[in-house]
Amino acid sequence: MPPTPLAPARRPGPVVLALVTALVSLAACSPGDGGPADAQSSAPPARAADVEGTVAGTGDAARLVDASDAYYEGMGLLSAGAVVVGDDGTALTPGDLTDGDAVEVWTDACAESYPVQCEVVAVRVAG
């Protein structure tokens, strides 16, 4: 019997492509590793703060000084989506950060620069 020719490969249809695109988009948006997607919660991550220090400046210009780790000295304290809370856990606004406040800070990825530029996940104003 002579060999039969192979059928031409079929391309995925538009429905299959739409499903794959939707699944990839949903997977990219799912939180769970303590990264920036988790910053949308109203509390700091359930781990020790990355650094402690003092606020210099106010509001959007707030930066960290007297840092417990010199690596973070001068870092800006407010990233998009950062959670700001009081010592008792009450939600605060970035405008509530005032010069001289003692803070604990949680970060994610940092860009190597001076001062370091980190994705700030949460800031807690210490009592």
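This is a predicted model: local features need pLDDT of at least 70, side-chain atom pairs count only at pLDDT 80 or more; totals for chains, interfaces and linings use all residues.
Modeller: Local features here need pLDDT of at least 70 and side-chain atom pairs count only at pLDDT 80 or more, while totals for chains, interfaces and linings use all residues. Residues are numbered from 1 along each chain as its sequence is written, and side-chain values use heavy atoms, with hydrogens and water left out.

Colleague: Why is Thr107 called buried?

Modeller: Buried means under 20% relative accessible area, exposed over 50%, and partly exposed in between, with a 1.4 Å probe and protein chains only. Thr107 has 7% relative accessibility, so Thr107 counts as buried.

Colleague: What is Thr107 in contact with, leaving aside neighbours within four places in sequence?

Modeller: Contact means heavy atoms within 4.5 Å. The partners of Thr107 are Arg47, Asp50, Tyr72, Met75, Cys118, Glu119, Val120 and Val121.

Colleague: What makes the pair of Tyr71 and Tyr72 edge-to-face?

Modeller: Rings of Phe, Tyr and Trp (its six-membered ring) pair if their centres lie within 6.5 Å; planes under 30 degrees apart count as stacked, over 60 as edge-to-face and the rest as tilted. The count comes to one aromatic pair. The centres of Tyr71 and Tyr72 are 5.1 Å apart and the planes are at 90°, so the pair is edge-to-face.

Colleague: Is Tyr72 buried or exposed?

Modeller: Tyr72 has a relative accessible area of 10% and is therefore buried. Tyr71, at 33%, is partly exposed.

Colleague: Which strands are the edge strands of the sheet?

Modeller: The open sheet has five strands in the order 2-1-4-5-3, with mixed pairing. Strand 2 (63–65) and strand 3 (83–85) are the edge strands, since each pairs on one side only.

Definitions and conventions
Two strands pair if DSSP finds at least two bridges between them. Helices (H or I, at least four residues) and strands (E, at least two) are DSSP runs, numbered from the N terminus.
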